[in-house]
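Visitor: Hi! I'm new to reading protein models. Could you walk me through this one?

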Amino acid sequence: MMLVFRRFLLYLGIIVLAGSISGLAALNGPDLKTTTSAPTTTSAASTTAAPTTTSTTAAPTTTSAASTTAAPTTTSAASTTAAPTTEATTAAPTTEATTAAPTTEATTAAPTTAAPTTSTAPPTPSPNESLNTYKVAEGNTSCLMMTMEAHLQYNNDQNQSAVINVTDSYSVDSAGSNCSYLIITSGANSLTFAFKQSADNKTYTLDQVAVTFDQVHAKKGGLDIGQVAVKASYVCNSGAKVDFDGGNVLVMRKIHFQAFTMDGDKYSTAFACTTDFNPIVPIIVGAVLAGIVVLVVIVYILGRRRTRTGYEEI
């Protein structure tokens, strides 16, 4: 501590000495400026006394030019500018009549025909929609199982949106179903789900869906819903939508399926869909880890300061 204090006094003495030297230089500077500025002002005054400019201003030759401006011939030109023919053309209000035609407003007001939006409002499923599980077995072993909650949105004969729910009345059609093909029926209504394996038989997806409801008969393939490994299941609580032609839509939620092979009557390891991923959890974990790192750095800095003070006291 004494060594630091001595260095401080030495730096302070150097700063005071430098200030005194700059003050003496400032006192000697102004008298040099007065000696150099004096002769320049006197020479400028002598140049202003030159009277030659007065003789040039007295030259009356410019008055002759004024006589030329009095030529009245220009007044005739003014008469030509007064021709009101140009004003008549600009004042023609015929153009305003065309722009003010209110017929266009009547055509823009036509969007009142968009009122039929009330008929296209999204329908709400009835309370009969339920979560059901469907199993397909070969012999005594299950090889396909699917759980879902679904309903079909379609346009009826009056071109109005309607809903048909998949209820508890639907059951597996054992005759038409197999380990890659699930058919569930309720009377004349049916849904068909076709699963497809990859070329190397390592993964599979829900590839095709077909529906038969009253007057609706639709099919769509190439869906690739839930590509997972064989002997694994796929789960997606947010669900999926299958858009058919004609505006018909099959809405599925809380989907869980496994096809081709199963271990007993239970789903194997499930792979979740990306839409079920919640970004809040990793954000919270990252924030906690960042806080721990900051805390460790602060503790380390405080520890270094304490060790330094201990060495100085010794």
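This is a predicted model: local features need pLDDT of at least 70, side-chain atom pairs count only at pLDDT 80 or more; totals for chains, interfaces and linings use all residues.

Visitor: What percentage of the residues is buried?

Guide: Of the 314 residues in the chain, 23% are buried. As for the surface, the chain exposes about 21,800 Å², with 63% of it supplied by carbon and sulfur atoms.

Visitor: New topic: how many disulfides does a search find?

Guide: The search of the whole structure turns up 2 disulfides. In one, the sulfur atoms of Cys143 and Cys179 are 2.0 Å apart. Cys143 lies in strand E2 and Cys179 in the loop between strand E4 and strand E5, so this pair ties together parts that are 36 residues apart in sequence.

Visitor: Are Cys143 and Cys179 buried or exposed?

Guide: Both Cys143 and Cys179 are buried.

Visitor: Is that disulfide left-handed or right-handed?

Guide: The torsion about the S-S bond of Cys143 and Cys179 is about -95°, so the disulfide is left-handed.

Visitor: Which cysteine is joined to Cys236?

Guide: A disulfide joins Cys236 to Cys273, with 2.2 Å from S to S. Cys236 sits in strand E10 and Cys273 in the loop between E13 and helix H8, so the pair links parts 37 residues apart in sequence. The torsion about the S-S bond of Cys236 and Cys273 is about 80°, so this disulfide is right-handed. Cys236 counts as buried at 2% relative accessibility, and Cys273 counts as buried at 9%.

Visitor: Nice. What about rings: how many aromatic pairs are there?

Guide: A search of the whole structure finds 5 aromatic pairs. In one of them, the ring centres of Tyr204 and Phe260 are 5.7 Å apart and the planes are at 70°, so the pair is edge-to-face. Tyr204 lies in strand E7 and Phe260 in the loop between strand E12 and strand E13, so the pair ties together parts that are 56 residues apart in sequence.

Visitor: Is Tyr204 buried or exposed?

Guide: Tyr204 is buried, with a relative accessible area of 1%.

Visitor: Which residues do the ring pairs link into a cluster?

Guide: The cluster is made of Phe195, Tyr204, Tyr234, Phe257 and Phe260.

Key
Residues are numbered from 1 along each chain as its sequence is written. Side-chain values use heavy atoms; hydrogens and water are left out. Rings of Phe, Tyr and Trp (its six-membered ring) pair if their centres lie within 6.5 Å; planes under 30 degrees apart count as stacked, over 60 as edge-to-face and the rest as tilted. Helices (H or I, at least four residues) and strands (E, at least two) are DSSP runs, numbered from the N terminus. Buried means under 20% relative accessible area, exposed over 50%, partly exposed in between (1.4 Å probe, protein chains only). Accessible areas come from the Shrake-Rupley method with a 1.4 Å probe; for residues, only the protein chains shown count as cover. A disulfide is a pair of cysteine sulfur atoms within 2.5 Å.
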